[in-house]
Amino acid sequence: PVISISAMGTPLTSTTTFAGSVGIGKTPAKTLDVEGNIRAINTAGSAAAEIDIASGATWRLRANPTSGTNSYGLDIIQGGSGTGVVMSIDSDGNVGIGTTLPSNLISLKGPGNNYSTSAAIKFWDSLYSKGWYVGTANNYAEGDFYIRSVTSEAGMPVAARQEFTIAQTGNVGIGTISPSTKLTVNGGLVQVIESGNTAFYGGDYVRMFGTQSYGFRNSGGST
C-alpha cells in the first residue's frame, strides 16, 4: 500500500500499518504524537463522531448527530457497543450522570435499590476522615431522601446512621429513617430558642429558661 500526502486537509488516499511511533508536527514521544489539534468529524451531522480509548476496557467519546437522543451533545460511554452511556453533556451544558437526558445543570439517575447505584453524592473530608452520603435510595422506603454519615471513603451508611430523612410523604425524621409525623425526632432533646428564651423538649418533660410564657395543648387541641 501507498500513502499519498499532498496539501493540508487532503485525506490520505490509502492506509497502511506502521511499526514504531508517528509524530505530526513534532518528534513523537508516544505511538501517535500530534502538535496541534485533532478532529473527529461527521460534516453532515447525520451520524456520530467518535473516538475510542481502549486498554483492558473500552471508553468512547461520542459527539452526537443533529437528531436522536442527546442530539448535538457529548456522551462518555463504557464499552465498545455504544450503549453503556455513563455521562452525557447536552447542548445547553447540562451534565447527566446515569442519564442521557439531563434536565438540570447536574442530573443524577440510578436504581435506588442499593446505596452504590442510587442517585446520590458522597462527600468525604480527607483531613478528618469523616463523610456524608446525600441522596435517595429505597433500601428502607422507595424514593426517600437521606443525609447519613459514613465512616470510610468507600463505605456506605449502616443501620445505626439515621441522621436525617425526608420521606415521600413530606415527613421529616431526625435520628430515624421512618418518620411517622411531619417532624419525628428520635434519640435526644429538641431545643427551641427565641429572643434569648430557650425550651427543651424531650421524653416526658419540658424544661424552660427565660421570661417567655409558654402555652400547652392536650391531644384534643384545648389549652
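Helices (H or I, at least four residues) and strands (E, at least two) are DSSP runs, numbered from the N terminus. This is a predicted model, where local features need pLDDT of at least 70 and side-chain atom pairs count only at pLDDT 80 or more, while totals for chains, interfaces and linings use all residues. Residues are numbered from 1 along each chain as its sequence is written, and side-chain values use heavy atoms, with hydrogens and water left out.

**View 1. Two loop residues with a positive phi.** Let's start with Ser 129, in the loop between S9 and S10. Its phi is near 55 degrees, a positive value in a residue that isn't glycine. Most residues other than glycine have a negative phi. Ser 129 counts as partly exposed because its relative accessibility is 43% (buried means under 20% relative accessible area, exposed over 50%, partly exposed in between, with a 1.4 Å probe and protein chains only). Now look at Asn 70, in the loop between S4 and strand S5 (74-78). Asn 70 also has a positive phi, near 55 degrees. With 6% relative accessibility, though, Asn 70 counts as buried.

**View 2. The open sheet from S3 to S8.** Here six strands line up as S3-S4-S5-S6-S7-S8, with mixed pairing (two strands pair if DSSP finds at least two bridges between them). At the edges sit strand S3 (49-55) and strand S8 (106-108), and each pairs on one side only. From one strand to the next, the twist averages 15 degrees (axes are lines fitted to C-alpha atoms, for helices over the stretch in contact, and angles run from 0 to 180 degrees between N-to-C directions). Zoom in on S3 and strand S4 (residues 57-63): they run antiparallel and are joined by seven bridges. Across from Ile 51 you'll find Leu 61 in S4.

**View 3. The open sheet from S9 to S14.** This one has six strands too, in the order S9-S10-S11-S12-S13-S14, again with mixed pairing. S9 and strand S14 (183-185) each have a single partner strand, so one side of each has no neighbour in the sheet. The twist averages 15 degrees from one strand to the next. S10 and strand S11 (residues 145-150) run antiparallel, with six bridges between them. Trp 132 has Ser 149 in S11 as its bridge partner, and Gly 135 stands opposite Tyr 146 in S11. Moving along, three bridges link S11 to strand S12 (residues 164-166), also antiparallel. There, Ile 147 faces Phe 164 in S12.

View 4. How many aromatic pairs does the structure hold? The structure holds one (rings of Phe, Tyr and Trp, using its six-membered ring, pair if their centres lie within 6.5 Å; planes under 30 degrees apart count as stacked, over 60 as edge-to-face and the rest as tilted). The ring centres of Tyr 115 and Tyr 133 are 4.9 Å apart and their planes are at 80 degrees, so the pair is edge-to-face. Tyr 115 is in the loop between S8 and S9 and Tyr 133 in strand S10 (residues 130-136), so the pair ties together parts 18 residues apart in sequence. Tyr 115 counts as buried at 9% relative accessibility, and Tyr 133 counts as buried at 2%.
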